[in-house]
Amino acid sequence: MSTALLQEVYQETRRLYIAGSDLAKDDFRLNRLLPRLQQLGERSPVFKRIGDGVATLLAGSSTSEGEDSATQLQRLTLLVLSVLRTQGSTASTSEQAEPLSSEDITLRTRLTYRQLAPVQQALTTTGGGRYEIVKHAWQEGYFEDVRLLPLAVSALADPYSDIADLAMNSIVPGYGKPVLPYLMDDFDPQGGKLEIRKMKAIQAIAGAEYADFYFQTAETTKGDMKATAIAGLAGLEQYLPHLLEWSKDKKKEVRAVAYNALAQISAPEAQEVLYINFSDASRDLDLVVDALLVNMQPELAKRLHAAAWEALEAVASHPPKDETVQHYNNELVAHFRVWNHHDKEALLEMYRFMVKHPKPFQSMMRENYHKMTLLEEPASALAYEGNNDDVELLYQLEKVYPHYILRVATAVYRHRSPQEFYKHFSQGLGAGSHRGGRHATPNSARIFEWLEDQLVKHEDSEVELLYSDGETHRYDLWFHTFLPLEEMEAKWDPRWLDIMLAHHQTVLVAAFARPGVQEVEELLKAALIERGDLTHRDASLYFRALHRLGMSTNELRKLFWDVMESKKGSASNTVDPFIMRLISQFPAEDIERLEQLIPDSDEKIRGKFRYTAASQLRAVIQQMKEMKA
């Protein structure tokens, strides 16, 4: 009996198992098979029964026994499968069969097809969106299903590197040792990226247990594969002679992993190589530093700490730009990196020494940093991470190098009283002038800018937008605001207001504004009308300051219309939510005037509010109309 037709029927019934038996009605594939089954059924009762079963499924009606489509499909499939089994051959074609190989995998098939299919598709196709599917599947534990194991291993070769890296770092190692045979069976040490990822996955799973495999690979390969294999030997003292030899390799990437492996071995020979190459003369100084950031043995730490102080004292004992000073440049930077990672307090002590002896260190330039001296980092670290005593050191540094004034300002603000801060920095700002500070010192502009950074803060707020087509949306908008008044009074000397008035620093006047100073209100109102729009961040700050001074809503409303009716300025693209809340408190009689601030639909008339600002204003006008109704 020919089983080709039966195989086709069986494949179609399997398809309907997945798609659903309800879809069997009028199925075109079964319809195509039915005539052949009926023709064979004239000669064979078995084919007649199969043909009748197919016809019943296609009709989509219940049988006389009341069977539904699912039961009919089950009966048909069982019949077809039974015939195929009786017609198949089980005899061996060879004298002795090869035993099947298997691995001890404890995974189960727990996923439904609906869960499994998207992951299978993501790992067997290309295109966008696949990474998110695979990552979600990994997070949800889908890869514990044994059907995804082969795809997880093959994902190491995925053309999208993020998927390949996720497979290498997380998915494949998650299977543990049972997956190792799948990685080792066809491993090619001379291969490319796929084999390197396999090696990294093997190392993540097996660790030192496969050390001999890593060693043999390192001995017989070169380049990236050699470096990857050597990385698996980190901390294994039995391979010390080979690691020492590899630390002299021509390839930088090989030397780098060799140093990293040596850093994890406490043997004196390993530590001596690292110490010797921790010098300005070594081509591998940066490689050694990178290795020590991962691991530094206690004995080597003591030697390097002593070497750091020896270098600092050598530099301090020589005049600036002396050849000896420049000799230690890169080595000192290397020390800073190491001690910043391992012992921050030890580093701060080194920085304090440098600030006490600033001149030679100020002459040393950081490589790859535009015009940055070696003294910049110590000054910054003491300002932000130092203690109260470090303020005195920075005071002395400012006397020698005034451009470090902002570091001093940071330290004094953090550790000293508002009165001391005012006394020290107000004296350095000069007499001031209502013309913009003609008599100010060169550092005045830098101090003013620093003060703005402390006093003017960024916040975000969700605002409602109403577009011209009537659709509403929510939108996150960044804006500027001041420190709360209570915090201002606690952290800042009130005399700063007089200084800012004298220097005509309007934003800082607004920040330090307090009731009872008539000149403040006049200055802020004049600045708003002079600008004639709400485009710049300063406009909203001035309105906030006037509100904090106690100006009534009606007075602010009058000021708002004075600004809007000014012929100066440009249209605003966005407006501070504070001003929009202020507008919402205007009387209903202002609605028509507010609508005139929005451009008409064809943009022929340009208003003071456009784009997002126009949508903000439409939403506020809508609220005002609803309240009026």
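Predicted model: local features only at pLDDT ≥ 70, side-chain atom pairs only at ≥ 80, totals over all residues.

Modeller: Buried here means under 20% relative accessible area and exposed over 50%, with partly exposed in between (1.4 Å probe, protein chains only). Residues are numbered from 1 along each chain as its sequence is written, and side-chain values use heavy atoms, leaving out hydrogens and water. The mean pLDDT of the chain is 88, with 92% of its residues at 70 or more.

As an exposed reference, I18 has a relative accessible area of 59% and sits in helix α1 (residues 4-19), helices being DSSP runs (H or I) of at least four residues.

Turning to the rings, the whole structure holds 21 aromatic pairs (Phe, Tyr or Trp, Trp by its six-membered ring, centres within 6.5 Å; planes under 30 degrees apart are stacked, over 60 edge-to-face, the rest tilted). Y422 and W496 are edge-to-face, because their centres lie 5.2 Å apart and their planes stand at 85°. Since Y422 belongs to helix α25 (residues 418-426) and W496 to helix α28 (residues 496-502), this pair ties together parts 74 residues apart in sequence. Both Y422 and W496 are buried.

F560 and F586, with centres 5.5 Å apart and planes at 65°, are likewise edge-to-face. F560 is buried at 0% relative accessibility, and F586 is buried at 5%.

Finally, Y422 and W496 belong to one aromatic cluster, whose members include W450 and F512.

Notes
pLDDT = per-residue confidence, 0-100. Helix = DSSP H or I, 4+ residues; strand = E, 2+ residues; numbered from the N terminus.
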